[in-house]
Amino acid sequence: MTQQENPVRRINTGEAHSARVYDYILGGKDNYPVDKEAGDAMCREWQALPVHMRANREFMHRAARYLAREEGIRQFLDIGTGLPTSPNVHEVVQEVRPDASIVYVDNDPIVLAHARALLTSSPEGRTAYVDADMRDPEAILGSPQFQELLDLREPVGLLIIGILHFILDTDDDHGLVQRLLAPLPAGSFLAMTIGTADFAPQEVGRVAAEYARRGMPMQLRTHAEAEAFFDGLELVEPGVTQVHHWRPDADQDDIDDRDIAMYGGVARKNA
């Protein structure tokens, strides 16, 4: 982690932040009263929100484990890391491949302040953290951490989990994903979750309105719109589906589809 700036100085405790709201709803402690107030308001609008958020994170665990175990991926680029909540990506993949390298990316200063908690790789592997925004792919791809840790002669697992609903069409959403994929070699994979209101439109719509009211506008997408992000890639079975239906663990609890507002998919880049 670079020491160019003390990230604590950039933390705004007067406005809710999506990463801290997420942390609060999942039971974390790295949040402020404004985040708790926002999280409580959102949960009043949709009581299933904690179930939905846990399912999103569990998809990330399964997708990362699949890529490491079944596809042999040893390098990962995790966009929108969020606050440390064990197990993190490096803990999941290094359990399978101790020599794996993971580059974490987030633009929230409190996440950066806690980055050292993420940078505890296995002795054989490596982790690094990039302070950057998904809307600036060049800052990510041009960072010393990306260039030093990831060998682009070998496949990379690109993870974009729980962030795309904060990337709007006006941000050139498809272009951003393609720019992140472009330098990755054939055999790389994209694992992504995409927010939707397909299954509980009224409740999820009210949550989105709460986010927007707090300066965090959100874009929810249909199944067809979610699938379009994987155009040109080879989807892994079962394709793009609600996250709790993507290769669920045998001991997964029964989850009502109406309680999940996230599609997920994993796809291979063949060229």
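User: What volume does the largest pocket have?
Analyst: In this predicted model, the largest pocket has a volume of about 940 Å³.

User: OK, and which residues lie nearest its centre?
Analyst: His17, Ser18, Ala19, Gly162 and Phe166 lie nearest the centre of the largest pocket. The lining as a whole counts 48 residues.

User: Which elements give two or more residues to that lining?
Analyst: Those are helix H1 (18-25), helix H3 (49-69), S1, strand S2 (101-106) and H10. H3 gives the most, with six residues.

User: How does the lining of the largest pocket split by class?
Analyst: There are 26 nonpolar, 13 polar and nine charged residues in the lining of the largest pocket.

User: Switching to cavities: how many of 30 Å³ or more are there?
Analyst: The count is two cavities of 30 Å³ or more. The largest cavity has a volume of about 50 Å³, and the second largest cavity holds about 40 Å³ of space.

User: What lines the largest cavity?
Analyst: Its lining is Ala19, Tyr22, Asp23, Arg57, Gly82, Leu83 and Thr85. H1 provides the largest share of that lining, three residues. By class, the lining of the largest cavity has three nonpolar, two polar and two charged residues.

User: And which residues line the second largest cavity?
Analyst: That lining is made of Arg57, Met60, Asp78, Thr81, Leu83, Asn88, Val89 and Tyr104. Sorted by class, the second largest cavity has four nonpolar, two polar and two charged lining residues.

User: New topic, aromatics. How many aromatic pairs does the structure hold?
Analyst: It holds four aromatic pairs. Take Phe166 and Tyr211: their ring centres are 5.4 Å apart and the planes sit at 65°, so this pair is edge-to-face.

User: Why edge-to-face for Phe166 and Tyr211?
Analyst: Because their planes are at 65°, and planes over 60 degrees apart count as edge-to-face.

User: Where do Phe166 and Tyr211 lie?
Analyst: Phe166 is in the loop between strand S4 (157-160) and helix H9 (173-181), while Tyr211 is in helix H10 (residues 201-213). The pair therefore ties together parts that are 45 residues apart in sequence. Both Phe166 and Tyr211 are buried.

User: What about the rings of Phe199 and Tyr263?
Analyst: Their centres are 5.8 Å apart with the planes at 65°, so the pair of Phe199 and Tyr263 is edge-to-face. This pair links distant parts of the chain, 64 residues apart. Phe199 sits in the loop between strand S5 (189-195) and H10, and Tyr263 sits in strand S8 (residues 262-268).

User: Is Tyr263 buried or exposed?
Analyst: Tyr263 is buried, because its relative accessible area is 4% and buried means under 20%. Phe199 has a relative accessible area of 30%, so Phe199 is partly exposed.

User: Which residues form one aromatic cluster?
Analyst: Phe59, Tyr66 and Trp246 do. There's a neighbour to look at too: Arg247 lies over the face of Trp246, at 5.5 Å from the ring centre.

Note on methods. Residues are numbered from 1 along each chain as its sequence is written. This is a predicted model: local features need pLDDT of at least 70, side-chain atom pairs count only at pLDDT 80 or more; totals for chains, interfaces and linings use all residues. Side-chain values use heavy atoms; hydrogens and water are left out. Rings of Phe, Tyr and Trp (its six-membered ring) pair if their centres lie within 6.5 Å; planes under 30 degrees apart count as stacked, over 60 as edge-to-face and the rest as tilted. Helices (H or I, at least four residues) and strands (E, at least two) are DSSP runs, numbered from the N terminus. Buried means under 20% relative accessible area, exposed over 50%, partly exposed in between (1.4 Å probe, protein chains only). A charge sits over a ring if NZ of Lys or CZ of Arg is within 6 Å of the ring centre and within 35 degrees of the ring normal. On a 1 Å grid over the protein atoms alone, a cavity is a set of points where a 1.4 Å probe fits but cannot get out, and a pocket is an open set with protein on both sides within 12 Å along at least five of seven lines; lining residues have an atom within 4 Å of a point. Grid points are joined across faces, edges and corners, and a volume is the space filled by probe spheres set on the points. Ala, Val, Leu, Ile, Met, Phe, Trp, Tyr, Cys and Pro count as nonpolar, Asp, Glu, Lys and Arg as charged, and the others, Gly among them, as polar.
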